[in-house]
Amino acid sequence: MTKIHRPAPSHALSFRQILRHKTSAAHEAGEAQFSQFFAAPAQELGWFLAAQAAGLGVLARHAAPGAICAGLLSDFLDRLDRDLARLGRLVRPIPDPGPSLLDPLAVDYLVLGSRLGTQVIDRKVFAETPAEAKPLYFQAPAAGALWKRHCATLDALSPADPRAACVVADATRGFHLFAQAVQAQGAGTTSDALAPALASNSIDHPRPGRIAADTDLTPKEPT
């Protein structure tokens with residue numbers, strides 16, 4: 001009897017799976033930096049917001065054109081400016097890491113993934129907090145639709161495409177830049193606690209200049 005040889009089923013990983021795997025170490029190292037916030041969110045809020053502003057600011061300055069998160073990223077930074085102004089908290093810059101830009105797919109992966117993580121934090125930390133008392137950053141629009149669109153783009157990219165290696169390298173570099181920005185904020189202080197001023201979110205406060213990051217910086221994978 002002739003034996004029929006059937007092809008083995010294909011279990012090839014999508015580029016999105018490969019990207020997540022290859023950046024997991026950098027992602028986990030970055031998340032670990034926020035342990036002080038997760039341990040005492042009310043006391044470390046100002047520090048957390050400054051860290052987010054510094055990290056997202058770096059990503060914004062190093063994003064090549066074409067990122068679908070560009071509008072959201074600008075809104076996030078605006079909200080962080082306002083929150084930090086009310087807390088009287090400045091953002092400490094990091095040394096200029098150079099002029100090279102990050103692939104827009106890498107920036108989308110970092111920013112949209114970070115937004116999903118922030119939504120999880122919002123549900124856990126501010127579940128019992130009235131909307132008007134929450135920082136504006138946590139009231140930003142959801143990014144679920146853009147995240148799905150981004151995932152479809154990643155899934156459509158062949159792992160053999162030269163761009164795939166570039167996206168992996170740039171996403172990893174973006175995680176490291178974000179981590180440097182977080183480290184530059186130092187340890188939290190008692191002044192970083194949730195302030196009554198944040199309860200006045202309905203008042204139109206003037207925006208400060210884009211904090212220190214705007215002049216001195218020339219950016220969490222999904223949580």
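Residues are numbered from 1 along each chain as its sequence is written, and side-chain values use heavy atoms, with hydrogens and water left out. Because the model is predicted, local features need pLDDT of at least 70 and side-chain atom pairs count only at pLDDT 80 or more, while totals for chains, interfaces and linings use all residues.

**Exercise 1. Overall make-up**

Task: State how many helices and strands the protein chain has, and what percentage of its 223 residues count as buried.

Solution: 
- Step 1. Helices (H or I, at least four residues) and strands (E, at least two) are DSSP runs, numbered from the N terminus.
- Step 2. The protein chain has eight helices and zero strands, which gives the pattern α-α-α-α-α-α-α-α along the sequence.
- Step 3. Buried means under 20% relative accessible area, exposed over 50% and partly exposed in between, with a 1.4 Å probe and protein chains only.
- Step 4. Of the 223 residues, 48% count as buried.

**Exercise 2. Packing of H1 and H7**

Task: Describe how helix H1 (residues 15-32) packs on helix H7 (residues 162-183), and list the residues that meet.

Solution: 
- Step 1. Two packed helices are described by the angle between their axes and the distance between the axes.
- Step 2. Axes are lines fitted to C-alpha atoms, for helices over the stretch in contact, and angles run from 0 to 180 degrees between N-to-C directions.
- Step 3. For H1 and H7 the angle is about 25 degrees and the axes are 9 Å apart. That makes H1 roughly parallel to H7 (angles under 35 degrees count as roughly parallel, over 145 as roughly antiparallel, 65 to 115 as roughly perpendicular and the rest as oblique).
- Step 4. The crossing of H1 and H7 is right-handed. A crossing is left-handed if the near helix is turned anticlockwise from the far one by less than a right angle, and right-handed if clockwise.
- Step 5. With contact meaning heavy atoms within 4.5 Å, Phe15, Leu19, Lys22, Thr23, Ala26 and His27 of H1 meet Ala164, Val167, Val168, Ala171, Thr172, Phe175 and His176 of H7.
- Step 6. These residues divide into eight nonpolar, four polar and one charged. Ala, Val, Leu, Ile, Met, Phe, Trp, Tyr, Cys and Pro count as nonpolar, Asp, Glu, Lys and Arg as charged, and the others, Gly among them, as polar.

**Exercise 3. Packing of H1 and H6**

Task: Give the angle and axis distance of H1 and H6, then the residues in contact.

Solution: 
- Step 1. H1 and H6 pack at an angle of about 100 degrees, with axes 6 Å apart.
- Step 2. H1 is therefore roughly perpendicular to H6.
- Step 3. Phe15, Arg16 and Leu19 in H1 meet Cys151, Leu154 and Asp155 in H6.
- Step 4. The division is four nonpolar, no polar and two charged.

**Exercise 4. H3, H4 and leucine 84**

Task: Describe the packing of H3 and helix H4 (residues 70-87), and decide whether leucine 84 is buried or exposed.

Solution: 
- Step 1. H3 and H4 pack at an angle of about 145 degrees, with their axes 10 Å apart, and their crossing is left-handed.
- Step 2. H3 contributes residues including Gly46, Leu49, Ala50 and Ala53, and H4 residues including Leu73, Phe76, Leu80 and Leu84.
- Step 3. The contact of H3 with H4 divides into eleven nonpolar, three polar and one charged.
- Step 4. Leucine 84 lies in helix H4 and counts as buried at 1% relative accessibility.

**Exercise 5. Aromatic pairs**

Task: Count the aromatic pairs, and classify the pair of phenylalanine 37 and phenylalanine 48.

Solution: 
- Step 1. Rings of Phe, Tyr and Trp (its six-membered ring) pair if their centres lie within 6.5 Å; planes under 30 degrees apart count as stacked, over 60 as edge-to-face and the rest as tilted.
- Step 2. The count comes to nine aromatic pairs.
- Step 3. The rings of phenylalanine 37 and phenylalanine 48 have centres 4.1 Å apart and planes at 20 degrees, so the pair is stacked.
- Step 4. Phenylalanine 37 lies in helix H2 (residues 35-39) and phenylalanine 48 in helix H3 (residues 45-61), so the pair ties together parts eleven residues apart in sequence. Both phenylalanine 37 and phenylalanine 48 are buried.
- Step 5. Ring pairs link Phe34, Phe37, Phe38, Trp47, Phe48, Phe76, Phe126, Tyr137 and Phe138 into a cluster.
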